[in-house]
Amino acid sequence: MSDDRDKITEDSSYDPQSVQPGDQNNSNRNELHDLYEKQQHGKEVLKGVLLLGLLHLLLVVFPFAYFAIGIAQLIYLIPAVVIALVKKRVGIAQGLILGGVITFLLNAACFGLVLFKA
C-alpha cells in the first residue's frame, strides 16, 4: 500500500472520478484518491496565499498604507475570504487567512523594531 503512495506524483494521470464502488482494488484507489485530494488542497492554499500577494499590490495606489499593511489589508482581505467561502473554495480561504496572519505578524515585528530601537 505504501508503494502506491510513492508512485503517485503531481503529473500523475489519476482520475478520482474513475473510482467505482465494486472495484477489487477499492481500498488502494481510496488511498490514492485521498492523496490526490490532499495535493489539490495544498495547491488551493498556495493559490490563496498568492492571491493575497496580488491584492497587496493594490496598495501601490495608497503607498502610505504599506506602513500599516497589517491593518489596511483587512479592507480587502475580509471580503476576499467571504467570497472564497461562499464559492466553497475552502483552500483558497485558508491561504488568504494564512497570508494575512503572516503579513500582520511581519508588520508588527518591523513596527516593534522601529519603535523600540533606541
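The model is predicted: local features need pLDDT of at least 70, side-chain atom pairs count only at pLDDT 80 or more, and totals for chains, interfaces and linings use all residues. Residues are numbered from 1 along each chain as its sequence is written, and side-chain values use heavy atoms, with hydrogens and water left out.

Start with the overall layout. Of its 118 residues, 26% count as buried, and buried means under 20% relative accessible area, exposed over 50%, and partly exposed in between, with a 1.4 Å probe and protein chains only. A contact here is heavy atoms within 4.5 Å. Among contacts with a separation of 6 or more, 57% come from residues 24 or more positions apart.

Now the core. In soluble globular proteins, nonpolar side chains tend to be buried together. A nonpolar core is a set of buried Ala, Val, Leu, Ile, Met, Phe, Trp, Tyr and Cys residues joined through side-chain atoms within 4.5 Å. The largest one in this model has 14 residues, and Leu 52, Tyr 76 and Leu 96 have the most contacts inside it. Two or more residues each come from α2 (26-57), α3 (69-72), α4 (74-86) and α5 (90-116). The most come from α4, which gives five.

Which residues does Leu 52 touch, not counting those up to four places away in sequence? They are Gln 73, Tyr 76, Leu 77, Leu 96, Gly 99, Gly 100 and Thr 103. Leu 52 sits in helix α2 and is buried, with a relative accessible area of 1%. Its C-alpha atom is 8.8 Å from that of Ile 97, 45 residues apart along the chain. Leu 96, with neighbours within four places in sequence left aside, is in contact with residues including Gly 48, Leu 52, Leu 77 and Ala 84.

Next, how two of the helices pack. The angle between α2 and α4 is about 145 degrees and their axes are 10 Å apart; axes are lines fitted to C-alpha atoms, for helices over the stretch in contact, and angles run from 0 to 180 degrees between N-to-C directions. On the α2 side the contact is made by Leu 52, Leu 55 and His 56, and on the α4 side by Tyr 76, Leu 77 and Ala 80.

Asn 107 counts as buried, at 18% relative accessibility. Leaving aside neighbours within four places in sequence, Asn 107 is in contact with Tyr 66, Phe 67, Ala 68, Ile 69 and Gly 70.

There is one aromatic pair. The rings of Phe 62 and Phe 64 have centres 6.2 Å apart and planes at 70 degrees, so the pair is edge-to-face. Rings of Phe, Tyr and Trp (its six-membered ring) pair if their centres lie within 6.5 Å; planes under 30 degrees apart count as stacked, over 60 as edge-to-face and the rest as tilted. Phe 62 is partly exposed at 46% relative accessibility, while Phe 64 is exposed at 62%.

Last, a backbone point. Most residues other than glycine have a negative phi. Lys 88 has a positive phi of about 60 degrees although it is not a glycine. Lys 88 is in the loop between α4 and α5, and is exposed, with a relative accessible area of 70%.

Note on methods:
Helix = DSSP H or I, 4+ residues; strand = E, 2+ residues; numbered from the N terminus.
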